[in-house]
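Dear colleague,

I am passing on the structure we spoke about, and below it you will find notes on some of what was found. Please read them alongside the sequence.

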Amino acid sequence: MRVVIVGGGPVGLVTSIVLSSHGVANTVIERDATVYGLPRAIVMDAEIRHSLSRFGLADDLDLVLQPMVAADFVDAAGKTLMGIDLAGVELLGCPAVSKHFQPRLDETLRAAAIARGARLTLGRVASSFAVESDAVRVTLDDGTVVEADYLVGCDGASSVIRKSLGIALHDLGFDQDWLVVDLLLRDRATSGLPDVTRQVCDARRPTTLVSGFGDYYRFEFQLQPGEDPKAMCEESSLWSLLRPWTGPEKASIVRKAAYRFHAVVAESMNQGRILLAGDSAHQMPPFMGQGLNSGMRDAFNLGWKLAYLRQGLSSARLLDTYSSERIPGARATVEQSVETGRLIDQLAGRSSHGVSESAGYGGSRRRVAYENGVVAGSSEHRGTIYSQWHRFTDYDAGSFLVLLAIDASVDGGSLSEWRIPHVVRRADRDLTYGADVVFVRPDGYVAAVCSAAECSDTLRTLDSAMR
């Protein structure tokens, strides 16, 4: 099997890394010969960092990531409304949230993809593609034809792949114009800027501050009715907006861009031999920092499924679980990002959206589980990331992890005959959610939690989902 990935940004590169690590040959087609030199995404959560670490990137990531230490909401006078201290907080053995300078992260991912055997076709555009009964053929702008079994469209918000397939986007009703400004501080220690991700709930102009990697710092300003985005990007206008916090004597502007933040989710993420990942399938406001993280979750979900198909362990029907699992999860993340944006307006006293403060950084998070896919049973943990995944690293990344409670009596025969790659480990019950058996998928999500008596039925259900 060979997979062609259209789009060599971070989502396309992670898709490549995962596929190569699972033994799936792949080609990445990217229009830019060098990585995009300006920052866009800025944070990585613990799940993504740990997942990448399992594919051998731990040391590389240590060089391009720094822990985020705090996040809060404040009013126009700077009074804290809610917040969370993240210093020293870990999930899955990693900092809860890490910040990065995306060009450096992209360089790391590109090098990792090449090192793992991917073929990178750089400086070329996929001008068209044709789906045939046995293959996908992609024609490049220089006339070259790349043939593969599957195509993954990682070609961004204006995805040509998605549009060519006629896949519609569901609009969740959030459109706001914001101005994003990235600064390089001359001296962070004397900058006077807080080491925090901050939502300033100011009725005059909601503003976001993000303390970035190294000496980088981001400001996001909500544009107001009647303001011309182009005029607001003029340097004089930018420094006027930045004046309450900093000035040209303390920082230089490295990037400025006006965006309309959207909230959309594709109606499907797979159609025959074509699959979508990242912004081509879902776009969200940046208030939770989950846009890029969500795209990388797509890659981890899709990678092991394509590998199982290549190995003859499943039918192509397994790829349908990609949409059924990822769309509800992506939609919930988009919805919560929208709620966070509306909460900013609400706390600023601009309008009341009836949004609970639990949508803020200091509040609770809804747990969104995979419900229709490679999952079984009714446990509350089914379809969620396994919280102790980082404690088990000594097995192949393409295998299911089967955890048996130390004191549980489980029929070893049914497990030994299970045709899906798996490793069995005994564990204390605090690592099995108090149950007899926990099945953890290759992407770290819990497939099932069950009793010993339910083990055989659980295996049959999981097998059925993959055939």
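How many disulfides does the structure hold? It holds 0 disulfides, a disulfide being a pair of cysteine sulfur atoms within 2.5 Å. Cysteine 455 is in no disulfide, and the nearest cysteine sulfur, that of cysteine 450, is 5.1 Å away.

This is a predicted model, in which local features need pLDDT of at least 70 and side-chain atom pairs count only at pLDDT 80 or more, while totals for chains, interfaces and linings use all residues. Residues are numbered from 1 along each chain as its sequence is written, and side-chain values use heavy atoms, with hydrogens and water left out.

Arginine 273 is buried (under 20% relative accessible area, with a 1.4 Å probe and protein chains only) yet has no salt bridge, which would take a side-chain nitrogen of Lys or Arg within 4 Å of a carboxyl oxygen of Asp or Glu. The nearest side chain of opposite charge (Lys and Arg count as positive, Asp and Glu as negative, and His and the chain ends are not counted) is that of aspartate 149, 4.5 Å away. The backbone oxygen of aspartate 149, however, lies 2.9 Å from a polar atom of the arginine 273 side chain.

There are also 17 aromatic pairs, meaning rings of Phe, Tyr and Trp (its six-membered ring) with centres within 6.5 Å, stacked if the planes are under 30 degrees apart, edge-to-face if over 60 and tilted otherwise. Phenylalanine 219 and phenylalanine 221 are stacked, because their ring centres are 5.9 Å apart and their planes at 5 degrees.

Best wishes

How values were computed:
Buried < 20%, exposed > 50% of the residue type's maximum accessible area, 1.4 Å probe, protein only. Polar contact = N/O pair within 3.5 Å; in protein donor to acceptor, adjacent residues only side chain to side chain.
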